[in-house]
Amino acid sequence: MTGARDRHADYHASKALGGSTAAKIGASCLRDALVPVEPSDAIRIGSCVDLRWLERMTGGEVYALPPDVNARTKEGKAAIAEWRAEVEREGLYTFDRNAVDCVARLERTVQALAGHRLAETMRRASKVQEAMTWTETIDGGTLDCKGLIDMAPEHADGRDLFDLKTTWGEISPRAVRNLFYRRGYHYQLAHYRRGMRANGPDPVTCGLIVAQTNAPHGVEVFALDRDSLDAAEMELVHSIYPKYAAHLLGADPYAGHGELGSNGLEPVHTITL
């Protein structure tokens, strides 16, 4: 069986533009979006929640807690070495700090999602973690794109498009609206909508299921209004896609230094004499 950390490895290895990268470019700039980021415990918790709730994998298939041993003894060192070998062999997630607390939080989050009637109904009506590819036309050229759709629940009027997000903060409409701005989630949803359109009919509704990884472990469902989605798609087509296509060609576009760092190149420093 494919290890938890290696799920969808072929998808992630592709250089096609994915939804997460499109979101990062839209929320910051090309340069920042392409900087490799070492996964934090918060990111690992979110990945584990995806696997536990969406893909119904067991805890033992997803993560491993370190053995409760004295690392100074010969036996303890041997136990830790065996544990590390198992982690690598099975492709399991581990945590940097307070692993027991991280596991407790992610499992409570999974329970909260499973107990949320709407979220669970949507999951059951979906083919989860559905990978799709398509090609965009950019200034006479082409750009390969990809998407890993968390959920596309089917109903009488068609299919919806929902992405699962986890956060340690509050999940009020105002807080989640700020998440959209900070994380560029509207660009991600617009990117996935274009992918679904290229592979079939448009989704009826696009949005997020947001789950708290801290107490009280709330779960809320948010739909993005069509005008906001359309505006994000326009920016994708006219800005984000061309920037990424130029990056793949090794030719960064010059957008004028009035954007001061938002053009994906090195920042321009202003000197006053």
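This is a predicted model: local features need pLDDT of at least 70, side-chain atom pairs count only at pLDDT 80 or more; totals for chains, interfaces and linings use all residues.
Local features here need pLDDT of at least 70 and side-chain atom pairs pLDDT 80 or more, while totals for chains, interfaces and linings use all residues. Residues are numbered from 1 along each chain as its sequence is written, and side-chain values use heavy atoms, without hydrogens and water.

Me: Why are α4 and α7 called oblique to each other?

Reply: Helix α4 (residues 41-54) and helix α7 (residues 99-115) pack at about 40°, with axes 9 Å apart. Angles under 35 degrees count as roughly parallel, over 145 as roughly antiparallel, 65 to 115 as roughly perpendicular and the rest as oblique. The two helices are therefore oblique.

Me: What makes the contact of α4 with α7, by class?

Reply: Contact means heavy atoms within 4.5 Å. Nine nonpolar, one polar and four charged residues make it up; among them are Ile 45 and Trp 53 of α4 and Leu 106 and Thr 109 of α7. Ala, Val, Leu, Ile, Met, Phe, Trp, Tyr, Cys and Pro count as nonpolar, Asp, Glu, Lys and Arg as charged, and the others, Gly among them, as polar.

Me: Why is the pair of Phe 180 and Tyr 185 called edge-to-face?

Reply: Rings pair if their centres lie within 6.5 Å; planes under 30 degrees apart count as stacked, over 60 as edge-to-face and the rest as tilted. Here the centres are 6.2 Å apart and the planes are at 80°, so the pair is edge-to-face.

Me: Why does Gly 200 count as partly exposed?

Reply: Buried means under 20% relative accessible area, exposed over 50%, partly exposed in between (1.4 Å probe, protein chains only). Gly 200 has 29%, so it is partly exposed.

How values were computed: Axes are lines fitted to C-alpha atoms, for helices over the stretch in contact, and angles run from 0 to 180 degrees between N-to-C directions. Helices (H or I, at least four residues) and strands (E, at least two) are DSSP runs, numbered from the N terminus. Rings of Phe, Tyr and Trp (its six-membered ring) pair if their centres lie within 6.5 Å; planes under 30 degrees apart count as stacked, over 60 as edge-to-face and the rest as tilted.
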